[in-house]
Amino acid sequence: MPRPARRRLIAALALVATVATGLAVHRWAADTAASDIAGDALYALAAYAGLVMIFPRPRPWLIAVAAGAWCTAVELLQLTGAPERLGAAFPPAMLLLGTVFDPRDLLVYLLTIAVAVLADTALAVGVRRRRPLRRPTR
């Protein structure tokens with residue numbers, strides 16, 4: 001399987017697992033700081049994996065910048081109160097846009113995306129190392 005197709009498949013599987021885990025945390029975990037941090041981390045990971053799934057060719061650092069920009073924009077949008085009002089009218093919107101601004105969320109996003117970049121890079125290096133060397137034909 002070519003590298004972009006493999007990367008897209010891995011990202012899709014990671015996204016499905018991340019969303020399922022996020023929904024489970026939202027549904028069954030007690031509302032604590034730990035569950036809030038877990039939700040933020042899963043949100044950032046979903047943003048990263050979703051972007052890799054859509055755009056499998058860019059380098060991990062570029063995906064990281066885009067995922068970080070998305071997460072930051074959503075967090076700053078919460079300062080307007082719009083996500084909270086939208087969530088009151090349509091509760092599932094809170095899963096995508098959150099409700100209230102928390103500066104800690106920005107740090108969680110940054111750290112999670114950094115770990116995602118490391119994992120993405122390590123996976124790419126591992127795939128390259130597993131490929132057999134091709135000998136030149138004479």
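## Exercises on helix packing

In this predicted model, H2 passes H3 in a right-handed crossing.

**Exercise 1.** Determine which residues form the contact of H2 with H3 and how they divide by class.

*Solution.* 
Step 1. On the H2 side, the contact is made by Tyr43, Ala44, Ala47, Tyr48, Leu51 and Val52.
Step 2. H3 contributes Pro60, Ile63, Ala64, Ala66, Ala67, Trp70, Cys71 and Val74.
Step 3. Sorted by class, the contact holds 14 nonpolar residues, no polar and no charged ones.

**Exercise 2.** Classify the orientation of H2 relative to H3 from the angle between their axes.

*Solution.* 
Step 1. Two packed helices are described by the angle between their axes and the distance between the axes.
Step 2. For H2 and H3 (residues 60-77), the angle is about 130° and the axes are 9 Å apart.
Step 3. Angles over 145 degrees count as roughly antiparallel, and 65 to 115 degrees as roughly perpendicular. The angle of about 130° therefore makes H2 oblique to H3.

**Exercise 3.** Carry out the classification for H1 and H2, and describe their contact.

*Solution.* 
Step 1. Helix H1 (residues 3-28) packs against helix H2 (residues 33-54) at an angle of about 155°, and their axes are 8 Å apart.
Step 2. The two helices are therefore roughly antiparallel to each other.
Step 3. The crossing of H1 past H2 is left-handed.
Step 4. Residues of H1 in the contact include Arg7, Ala11, Leu15 and Thr18; among their partners in H2 are Leu42, Leu45, Ala49 and Met53.
Step 5. By class, the residues of the contact of H1 with H2 are 13 nonpolar, 5 polar and 2 charged.

**Exercise 4.** Is each of aspartate 120, alanine 82 and leucine 110 buried, partly exposed or exposed?

*Solution.* 
Step 1. Aspartate 120 is found in helix H6 (residues 103-130). Its relative accessibility is 10%, so aspartate 120 counts as buried. Beyond its neighbours within four places in sequence, aspartate 120 is in contact with Arg7, Tyr48, Val52 and Pro60.
Step 2. Alanine 82 belongs to helix H4 (residues 82-89). With 31% relative accessibility, alanine 82 counts as partly exposed. Its C-alpha atom is separated by 8.2 Å from that of threonine 99, 17 residues apart along the chain.
Step 3. Leucine 110 lies in helix H6. Its relative accessible area is 58%, so leucine 110 is exposed. The C-alpha atoms of leucine 110 and threonine 72, 38 residues apart along the chain, are separated by 9.3 Å.

**Exercise 5.** Describe the protein chain as a whole: how many helices and strands does it have, and what share of its residues is buried?

*Solution.* 
Step 1. The protein chain has 6 helices and 0 strands, in the pattern α-α-α-α-α-α along the sequence.
Step 2. Of its 138 residues, 31% count as buried.
Step 3. Among contacts between residues at least 6 apart in sequence, 69% join residues at least 24 apart.

Definitions and conventions: Residues are numbered from 1 along each chain as its sequence is written. This is a predicted model: local features need pLDDT of at least 70, side-chain atom pairs count only at pLDDT 80 or more; totals for chains, interfaces and linings use all residues. Side-chain values use heavy atoms; hydrogens and water are left out. Axes are lines fitted to C-alpha atoms, for helices over the stretch in contact, and angles run from 0 to 180 degrees between N-to-C directions. Helices (H or I, at least four residues) and strands (E, at least two) are DSSP runs, numbered from the N terminus. Angles under 35 degrees count as roughly parallel, over 145 as roughly antiparallel, 65 to 115 as roughly perpendicular and the rest as oblique. A crossing is left-handed if the near helix is turned anticlockwise from the far one by less than a right angle, and right-handed if clockwise. Contact means heavy atoms within 4.5 Å. Ala, Val, Leu, Ile, Met, Phe, Trp, Tyr, Cys and Pro count as nonpolar, Asp, Glu, Lys and Arg as charged, and the others, Gly among them, as polar. Buried means under 20% relative accessible area, exposed over 50%, partly exposed in between (1.4 Å probe, protein chains only).
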